Every structure is written in C-alpha cells, then in structure tokens.
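The sequence and the model come first.

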Amino acid sequence: MSISNEAGWRKYRRKYVRSCMKHAVKDNPALLDDLFHALMIEDDGVVNIQCIGMDCVDSTLKDAYDNVNELPEWVQLKVAVLMACQDGHTIDTIGRRVDDSTFWVYGGEE
C-alpha cells in the first residue's frame with residue numbers, strides 16, 4: 001500500500017469512527033454526560049485517541065501513542081478486556097468493542 005493510500009485509509013477510518021460516535025450520541029444523549037475515549041489502533045500499531053464528553057479538557061491522555069504498551073495502565077487493562085470480546089459487545093464501566101481495531105473506553109483516569 002502506498003503512503004498516499006495509507007493516509008487516505010486513516011482519514012476514512014477516523015471519519016467512520018466520528019460518524020459512529022455522532023449516531024451513538026444522537027441515539028443516547030446521556031453519553032454527553034460521560035467521558036469516553038475512542039481508540040483506533042492502526043496497522044503500524046499507532047494508537048489514535050479522541051476524547052468525547054464534558055471532562056475532556058481535564059483528560060491526561062495524548063492524542064496518539066506509538067503502541068498499546070505506551071498507553072496508561074488503566075486504558076491498557078480496559079482495552080485488554082475488550083479485545084477478548086466480540087465486535088459490537090459493550091461492557092458497563094469498561095467500554096465497547098466496535099471492531100478489531102476500534103474501541104470506546106469509558107471513564108477517565110482511575
């Protein structure tokens with residue numbers, strides 16, 4: 001895959017996840033009261049994070065990490081649990097697995 005195609009694929013995935021989040025919030029406005037992070041793990045292992053919610057200003061997470069091992073431990077634990085689930089599965093207080101490389105992690109630093 002060429003670099004331009006990779007950039008296009010990443011842009012498409014980010015747009016897709018944002019669209020999913022907009023629909024989820026539209027269907028359940030209570031989500032706006034909670035803090036959650038959308039994680040997208042790229043093919044090269046880079047983890048992109050987008051914070052959603054009222055408390056995002058106070059979030060200590062960076063926008064991107066070089067790999068999952070660099071994430072804070074509380075995020076690593078939640079992602080590990082979600083990786084064991086099937087696509088579309090939600091666990092209260094943990095998060096939701098959208099697909100094999102996209103996760104919504106609920107809550108802030110614990």
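Five residues lie between the strands in the hairpin of β1 and β2, and among them G45 takes a positive phi near 95 degrees. The model is a predicted one: local features need pLDDT of at least 70, and side-chain atom pairs count only at pLDDT 80 or more, while totals for chains, interfaces and linings use all residues. Residues are numbered from 1 along each chain as its sequence is written, and side-chain values use heavy atoms, with hydrogens and water left out.

Strands β1 and β2 pair in the antiparallel sense over six bridges; two strands count as paired if DSSP finds at least two bridges between them. On the other pairing of β2, strand β3 (residues 64–65) is also antiparallel, over two bridges. The table lists bridge partners in these strands.

| Residue | Bridge partner | Strand of the partner |
|---|---|---|
| M40 | N48 | β2 |
| V47 | Y65 | β3 |
| N48 | A64 | β3 |

These pairings belong to an open sheet of six strands in the order β3-β2-β1-β6-β5-β4, with antiparallel pairing. Its edge strands are β3 and β4, each of which pairs on one side only. Strands of a sheet pair through backbone hydrogen bonds, either parallel or antiparallel.

Over the whole protein there are two helices and six strands, in the order α-β-β-β-α-β-β-β from the N terminus. Helices (H or I, at least four residues) and strands (E, at least two) are DSSP runs, numbered from the N terminus. Helix α2 lies across β1, β4, β5 and β6 and runs at about 125 degrees to β6. Such angles run from 0 to 180 degrees between N-to-C directions, with axes fitted to C-alpha atoms, for helices over the stretch in contact.

What holds the nonpolar side chains together can be described as cores. A nonpolar core is a set of buried Ala, Val, Leu, Ile, Met, Phe, Trp, Tyr and Cys residues joined through side-chain atoms within 4.5 Å. The largest has 14 residues, and L39, V47, I49, L71 and V75 have the most contacts inside it. Two or more residues of this core come from each of β1 (36–41), β2 (47–52), α2 (73–83) and β6 (102–106), with α2 giving the most, four residues. V75 touches L39 and L61, not counting residues up to four places away in sequence; contact means heavy atoms within 4.5 Å. A second, separate core has five residues, including F36, A38, I52 and Y106.

Of the 110 residues, 33% count as buried, that is, under 20% relative accessible area, against over 50% for exposed and partly exposed in between (1.4 Å probe, protein chains only). The protein exposes about 6,900 Å², and carbon and sulfur atoms supply 52% of that area.

T93 sits in the loop between β4 (90–91) and β5 (95–99). Phi of T93 is near 70 degrees, a positive value in a residue other than glycine. Most residues other than glycine have a negative phi. T93 counts as exposed because its relative accessibility is 62%.

Where pLDDT is low, the predicted coordinates should not be read in detail.

Note on methods
Accessible areas come from the Shrake-Rupley method with a 1.4 Å probe; for residues, only the protein chains shown count as cover.
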